[in-house]
Amino acid sequence: MPPPPPPLLGGVAPAPAATAPSFLHLPLHTRLRAAAPRAAATASVRASHSHEDDAFLLRRAADVADRSAGLTSPHPNFGCVIVRPQRDTDSAVEPLVVGEGFLYAEGTPCAELLAAREAGEHARGATAYLNLEPGDCYGDSTAVGSLVQAGITRVVVGLRHPLKHLRGKAIKALRSEGIQVDVVGEDLQNKFFEEALMSCLTVNAPLLYRTAFHVPFSVLKYAMTADGKIAASSGHASWISGKASRGRVFELRGRSDAVIVGGNTVRFDDPRLTARHVKGHVPVRIVLSQSLNLPEEANLWNVNDAYTIVATQRGARRDFQKKLAMKGVEVVEFDMLNPRDVMSYCYDRGYLSVLWECGGTLAASAISASVIHKVCAFVAPKIIGGSDAPTPVGELGMSQMTQAINFIDVSYEQIDRDMLMSGFIQPIPDLSPVIPSMDEIPSVDPEVSPYETNIISFYKTWDTFGAFSNFSPYPIHMPDENGEYFTWPTVEHYYQAHKFVGVDNPQARTIVQDIKLAKSPEEAARIGRTRQKEFPELVRTDWEATKVDVMYRAIKCKFSTYPSLTNMLLSTAGSVLVESSPHDLFWGGGREGEGLNYLGRLLMQLRSEIRGTFPSNVEERDAA
């Protein structure tokens, strides 16, 4: 059996029999007025499945999807709201929300499954609202299987999936099961859906920008005085904004894969750049410094708080690079250090969202390179003056006001005494016009690989071959520390826990339990890696010699449990498999191919074993 799902949204479970109905089962207008007063005030709930209702509930699905932000490493945001018609005392029919769910993280139960579990029998004959087309269609516990088994008869989809290898597959699968599927912009086209479509676009803006431009979604954040200064003439900048605004910045960091600053920020401010006071995901910290003229001691060099990467020009201060490496800081050299190449590197690492907290010079360079997509400006009611005091954005080469960059979809929010002004400077890509027809979506032939290249890379679970990742949502039934069979949520859970299995120490056993209970593979990996670094004496003494065998047992169980994975693996025959993690030099391929790629090697070994042959020809032997 799969592991239990995370707690229900808001901690609200369906009421037991013979009790008063829970908040979840109140009429839609009552429930949403309490949960979101501003949205409910503008909603018009009339006949079942009217356009107003559909648009309103689709916005609700986008709001639900946004609840996952900051809980773990950012990922596509999926939300599901299940609704069925109910007659009120006046014999009118109105929608009734019976289930909600959102994706907690890659590798955890999908939003549709959580919503269906919450709805129970009320899901039969109901409508499901999805802000984004699901990515995984195969298996009972995936989105499509969950909706079919729950008895859903209609699905409303805000956006088709932007990734070409996933776009349209779930919609086609649902329709093949006899479920009516209505897609905004295709089956549903009128004024009511304009705001609903924007909500769906906004909640998954990081994925859409990444797909369209091949760089992560980048947000420039700064705090300035009312006269447009980010520091005094002396460089002193603490604190411009108030405590409430700083709390909002922590939330922005928690939504990001990485936070970027320049060398001046490190020298003058010595920041920590952690998501303090916010539980959950901690972003990577990236410092851009061309000369590497950085202090010997800095808060960012403490990698116990968060991981740090320093990006610099090739050959800069090799002696200082070695000192940083000894502290656990990763140094990445570029032939020419510039924002565009750094963002391409972050794209290769699988990042979806990056927060820039840099000074004006670097901000101007990033804007000029067209890698900044949104701006969040915190304006404090202060004046500091000074002709030499720095401003948020340096020279952009504009001489006319007509050249100014205009914000799109601007919003204003008062945060205590400060004002947060935010807006996009590049429109959110709507990829729907380039949707291929159903006939153009290829199916995986287990005998013939449709891919031209002889090298197949995988890393994130949303990649074409993302199911090969240890973080993909495929539970495995394997022995635990007591030798008893246990359903591990992912291969990563099993692997991280076995670093400490068999160690006769209560603390080691506690670590194993913490990993087993981790809600996502990202959390399991974070616990395992952190504890391994903090308490090396608790790691089993034979770990280096046995970790490859531990991994191989886990992936063999995974592929033997799920036939669709076996077919996918066999379809790669003749190709080299590379786990393209740029920073894992043992299991991954490394940034420039310097990694050992042991995960790819094990998958190729398993592929040969499944085919019943050993590598005999040159191609297979080289691959293995």
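Predicted model: local features only at pLDDT ≥ 70, side-chain atom pairs only at ≥ 80, totals over all residues.
1. You will find histidine 214 in the loop between helix H8 (205-213) and S6. Do take a look at its backbone: phi is positive, about 60 degrees, although the residue is not a glycine. As background, most residues other than glycine have a negative phi.

2. With a relative accessible area of 32%, aspartate 270 is partly exposed.

3. Now for the rings. Searching the whole structure turns up 16 aromatic pairs. One of them joins phenylalanine 217 and phenylalanine 424: the ring centres are 6.4 Å apart and the planes meet at 35 degrees, so this pair is tilted. Phenylalanine 217 belongs to strand S6 (residues 217-225) and phenylalanine 424 to strand S14 (residues 418-424), so the contact ties together parts that are 207 residues apart in sequence. Both phenylalanine 217 and phenylalanine 424 are buried.

4. A further pair is formed by tyrosine 495 and tryptophan 543. Their ring centres lie 5.1 Å apart with the planes at 50 degrees, and therefore the pair is tilted. Here the partners come from helices: tyrosine 495 lies in H14 (residues 491-497) and tryptophan 543 in H17 (residues 543-561), so the pair ties together parts that are 48 residues apart in sequence. Tyrosine 495 and tryptophan 543 are both buried.

5. Ring pairs link Tyr495 and Trp543 with Phe586, Trp587 and Tyr598 into a cluster. Phenylalanine 586, a member of this cluster, also has a charge over its ring: the charged end of lysine 547 sits there, 4.0 Å from the ring centre.

6. One more charge over a ring to check on screen: arginine 317 lies over the face of phenylalanine 320, and its distance from the ring centre is 4.4 Å.

7. The loop between helix H8 and S6 shows histidine 214, with its positive phi of about 60 degrees. The cluster linked by ring pairs shows Tyr495, Trp543, Phe586, Trp587 and Tyr598, with the charged end of lysine 547 over the ring of phenylalanine 586.

Key
Residues numbered from 1 in each chain as written. Heavy atoms only, no water. Phe/Tyr/Trp six-rings, centres within 6.5 Å; stacked < 30°, edge-to-face > 60°. Helix = DSSP H or I, 4+ residues; strand = E, 2+ residues; numbered from the N terminus. Buried < 20%, exposed > 50% of the residue type's maximum accessible area, 1.4 Å probe, protein only. Lys NZ or Arg CZ within 6 Å of the ring centre and 35° of its normal.
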